[in-house]
Amino acid sequence: MSKFTVVGAGLAGVEAAWQIAESGNKVTLVEMKPHKMSPAHKSEYFAELVCSNSLKASRLESAAGLLKEEMARLGSLTVPVARECAVPAGGALAVDRDIFSKTVTEKIKAHPNITLEYREYGKIEIDGDEYLIIATGPLTDGILSEEIKRICGNYLSFYDAAAPIVTADSIDFDKVFSASRYGRGGEDDYINCPFNKAEYESFINELVNAESAVIHDFDVYEGCMPIEKLAKRGLDAPRFGPMKPVGLVDPATGHRPWACVQLRRENSAGTMFNLVGFQTNLKFGEQKRVFSMIKGLENAEFVRYGVMHRNSFINSPKLLSADYSLKDKPNIFFAGQITGVEGYMESASSGILAGINAVRRAQKKEPLILSEYTMCGALSRYISDSTVENFQPMGANFGVLPPIEPKIRDKKERYAALSKRALDSLTRE
C-alpha cells in the first residue's frame with residue numbers, strides 16, 4: 001500500500017492532505033505547532049492567516065477570483081470554508097481568520113483518512129512506494145531547511161530580494177527601444193527605458209525621498225542592496241550600477257542616454273518583464289508612483305511589486321516539474337510558498353495539485369497538468385519554466401496567462417474573456 005506524508009499544515013499542506021484523503025488513501029500530516037512556533041505564527045490552528053485576513057478579489061473577472069473558482073472546482077477544502085466564514089469586505093473575500101483556521105482544523109481532524117503527528121520533520125528519506133509533500137512555508141528553517149538544501153543541491157534562497165514585474169501589454173513601446181549592451185545577445189533581449197539628465201535627476205530625487213516598508217524581525221535581508229539605498233550613496237550611483245547606459249544607443253536621438261532602466265523577460269511567452277536591478281523595499285504605493293516616472297512605464301501594470309524579506313523558497317524552474325514533483329526525485333513534491341507561488345490562495349492551489357499528483361503517481365497515472373489558460377495551470381508552468389532566469393516568486397495575475405487574440409483593448413472585457421476561457425478549459429480537463 002502506498003504511504004503518503006505531508007509536512008506542514010498551512011494552506012498548502014491541508015489542501016494536499018485533503019486531496020489525498022478524499023481520494024480514499026491514508027495520509028499522515030506532520031505539523032510542528034504547537035511544539036514549535038515560527039516568529040510569524042501565533043495560533044495553534046492549521047491554515048493560519050499570518051498577515052491579512054483578505055483572500056483578495058471575489059469577482060470572476062479578476063485573477064484572484066478566477067483562481068479561487070478553479071480551486072473550488074478542483075475540490076478545494078479552503079475555498080468553501082472561506083466562503084462560509086466571510087466577513088464584509090467590498091469586492092474581496094475576507095474571512096474571520098480565527099473561525100476560518102479553526103474550521104479547517106476541525107475538518108482535517110475529523111477526516112478518517114488523515115493521521116496527525118505533532119513534531120518537527122527531520123531527515124528526508126523515502127522508499128519505494130512512499131510519497132512525500134513538503135509544504136512548510138517561507139520560514140522553513142532548522143534541520144528540515146538543511147535537508148531541503150541537501151536534496152535540492154543548495155537551490156534554496158533565504159531572502160526574497162525581488163524587483164518589480166510589469167505586463168508587456170502595459171509598456172508604451174513608442175517611448176522605449178529594444179537592444180542589448182554593445183549588441184551582445186539578441187536584439188530584443190532587453191527593453192530599454194532611456195533618461196536624459198533632467199529626467200534622471202528628478203527620478204533619483206523622488207526615489208531617495210520615497211517611503212520604505214517596515215521591516216519586521218522575521219523580515220530581514222542581506223547581500224542585495226535595494227535601489228533606493230544605492231541612490232542615497234550619491235546622485236550618480238545608480239547610473240554606474242543597474243541604470244548604466246554604456247553600450248546603448250537610443251535610436252530616437254542617435255546618442256547614448258544619460259541613464260537607462262532595462263527590462264528583461266520574466267517568462268518565455270514574453271508577457272511579463274522585470275526591472276533589472278531594481279530590488280526595493282519601498283512601499284507598494286510608492287513603487288507605483290516613483291517607477292511610473294520611468295519612460296514607457298507611465299501606465300505600467302505591476303503584477304508584482306519589489307520585496308525584500310525573509311522568505312525561503314527553492315529555485316523551482318531548476319528543480320520542479322509542472323506537477324510540483326522534483327525532477328530527479330519524482331516521489332517528493334513541494335507545495336506552497338516554498339515553491340515560489342506567492343499568496344494565500346496561490347499556496348493552497350499548489351497544495352491541491354501536489355496532492356492530486358502524488359496520488360496519480362502512486363496509481364501509475366499521467367500527472368494532471370492543467371491548461372496554460374487556467375490560473376492554476378499557468379502558475380504551475382511558471383514555477384517549472386526552465387527558461388525563467390533570476391526566479392522570483394509570483395502570485396495570481398493575468399500576465400501569466402497567454403494573451404487573448406485578437407487583443408481586447410477594454411481591460412474589464414479582456415479579463416472577463418480570460419476568465420471564461422480558463423473555466424471553459426478547466427471543464428474540458
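The following legends describe close-up views of a predicted model.

In this predicted model, local features require pLDDT of at least 70 and side-chain atom pairs count only at pLDDT 80 or more, while totals for chains, interfaces and linings use all residues. Residues are numbered from 1 along each chain as its sequence is written, and side-chain values use heavy atoms, with hydrogens and water left out.

**View 1. Helix α1 against helix α10.** Helix α1 covers residues 11–22 and helix α10 covers residues 344–362; helices (H or I, at least four residues) and strands (E, at least two) are DSSP runs, numbered from the N terminus. Their axes come within 7 Å and cross at roughly 30°, where axes are lines fitted to C-alpha atoms, for helices over the stretch in contact, and angles run from 0 to 180 degrees between N-to-C directions. The two helices are therefore roughly parallel to each other (angles under 35 degrees count as roughly parallel, over 145 as roughly antiparallel, 65 to 115 as roughly perpendicular and the rest as oblique). The crossing of α1 with α10 is right-handed, that is, the near helix is turned clockwise from the far one by less than a right angle. From α1, the contact (heavy atoms within 4.5 Å) involves L11, A12, E15, A16, Q19 and I20. Residues on the α10 side include Y344, M345, I352 and V359. By class, this contact of α1 with α10 comprises 10 nonpolar, 5 polar and 1 charged residues (Ala, Val, Leu, Ile, Met, Phe, Trp, Tyr, Cys and Pro count as nonpolar, Asp, Glu, Lys and Arg as charged, and the others, Gly among them, as polar).

**View 2. Helix α2 beside helix α12.** The axes of α2 (residues 63–73) and α12 (residues 411–428) come within 11 Å and cross at roughly 15°. These helices are therefore roughly parallel to each other, and their crossing is right-handed. L66, E69, E70 and R73 of α2 meet S419, A422, L423, L426 and T427 of α12. The contact of α2 with α12 divides into 4 nonpolar, 2 polar and 3 charged residues.

**View 3. Helix α6 packed with helix α8.** Helix α6 (residues 197–209) and helix α8 (residues 284–291) pack at about 170°, their axes 10 Å apart. This angle makes α6 roughly antiparallel to α8. F203, E206 and L207 in α6 are in contact with R289, V290 and F291 in α8. The contact of α6 with α8 holds 4 nonpolar, no polar and 2 charged residues.

**View 4. Aromatic rings.** F203 and F291 also belong to a cluster linked by ring pairs, together with F195 and F278. The structure holds 10 aromatic pairs (rings of Phe, Tyr and Trp, the last by its six-membered ring, pair if their centres lie within 6.5 Å; planes under 30 degrees apart count as stacked, over 60 as edge-to-face and the rest as tilted). Elsewhere, the charged end of R239 sits over the ring of W258, 3.9 Å from its centre (NZ of Lys or CZ of Arg within 6 Å of the ring centre and within 35 degrees of the ring normal).

**View 5. Backbone features in loops.** K33 and P34 are joined by a cis peptide bond with omega of about -5°, and P34 lies in the loop between β2 (27–31) and β3 (54–57). Another cis bond runs from E405 to P406, with omega near -5°; P406 is placed in the loop between α11 (375–383) and α12. Y324, a residue other than glycine, has a positive phi near 75° and lies in the loop between α9 (316–319) and β16 (332–334).
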